[in-house]
Amino acid sequence: MSNWVHVCDRYALAPGEFRVVFDGDTAIAVFNIDGALHAIEDICTHDGGELAGGEIDGFAVECPRHGARFDVRTGAVLAPPAVVPVAVMELRVSEDGIWVRDPRDD
């Protein structure tokens, strides 16, 4: 799986959990929300803070630093102070695990 980064075993990420992996210098946060997996760049576009570990409400993650909120499915900004969406990463689930990649590397 060239260019793909292994996150964890297929069933190792339970609902409500997240993992952060790196594709080179890019931190990628992978969230399991009610059994659905979503991957975004782990950086708030407002000030560069980490999003992983922020409060999750439905499909929204809140930046712990200043409260900007993003949709983990689309990357869209749901609440300021951020105005630029966060990058959404490609995600693949296979027999040998959960994998992500940054499509901007193409």
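This is a predicted model: local features need pLDDT of at least 70, side-chain atom pairs count only at pLDDT 80 or more; totals for chains, interfaces and linings use all residues.

Colouring by accessibility shows the counterpart: buried residues make up 43% of the 106 residues.

The trace spans about 40 × 30 × 20 Å. A compact globule of 106 residues would have a radius of gyration near 13 Å, and the chain agrees with this because its own value is 13 Å. Among contacts with a separation of 6 or more, 38% are between residues 24 or more positions apart.

Switch to a cartoon. How many helices and strands does the chain have? There are zero helices and ten strands, so that the pattern along the sequence reads β-β-β-β-β-β-β-β-β-β.

**The open sheet**

Select β1, β10 and β9. These three strands form an open sheet in the order β1-β10-β9, with antiparallel pairing. Which strands stand at the edges? They are β1 (5-8) and β9 (90-94); each has a single partner strand, so one side of each is left without a neighbour in the sheet. From one strand to the next, the twist averages 30°. In general, strands of a sheet pair through backbone hydrogen bonds, either parallel or antiparallel.

Zoom in on β1 and β10 (residues 97-101), which run antiparallel and are joined by three bridges. Show Val-5 here: opposite this residue, in β10, stands Val-100.

In soluble globular proteins, nonpolar side chains tend to be buried together.

Centre the view on Phe-31. Leaving aside neighbours within four places in sequence, its contacts include Phe-18, Leu-37, Ile-40, Ala-52, Ile-56, Val-61 and Val-72. Glu-17 and His-38 are also among the residues that Phe-31 contacts.

**Thr-26 in strand β3**

Move to Thr-26, which is found in strand β3. Is this residue buried or exposed? With a relative accessible area of 16%, Thr-26 is buried, because the limit for burial is under 20%. Not counting residues up to four places away in sequence, Thr-26 touches Val-21, Glu-41, Met-89, Asp-102 and Arg-104.

**Two backbone features in loops**

Select Asp-34, in the loop between β3 and β4 (36-41). Asp-34 has a positive phi of about 55° although it is not a glycine. At 74% relative accessibility, Asp-34 counts as exposed, because the limit for that class is over 50%.

Finally, select Pro-80 and Pro-81 and show their backbone atoms. A cis peptide bond joins the two residues, with omega at about 25°.

Note on methods
Residues are numbered from 1 along each chain as its sequence is written. Side-chain values use heavy atoms; hydrogens and water are left out. Contact means heavy atoms within 4.5 Å. Two strands pair if DSSP finds at least two bridges between them. Helices (H or I, at least four residues) and strands (E, at least two) are DSSP runs, numbered from the N terminus. Axes are lines fitted to C-alpha atoms, for helices over the stretch in contact, and angles run from 0 to 180 degrees between N-to-C directions. Buried means under 20% relative accessible area, exposed over 50%, partly exposed in between (1.4 Å probe, protein chains only). The radius of gyration is taken over C-alpha atoms; the globule rule is 2.2 Å times the number of residues to the power 0.38.
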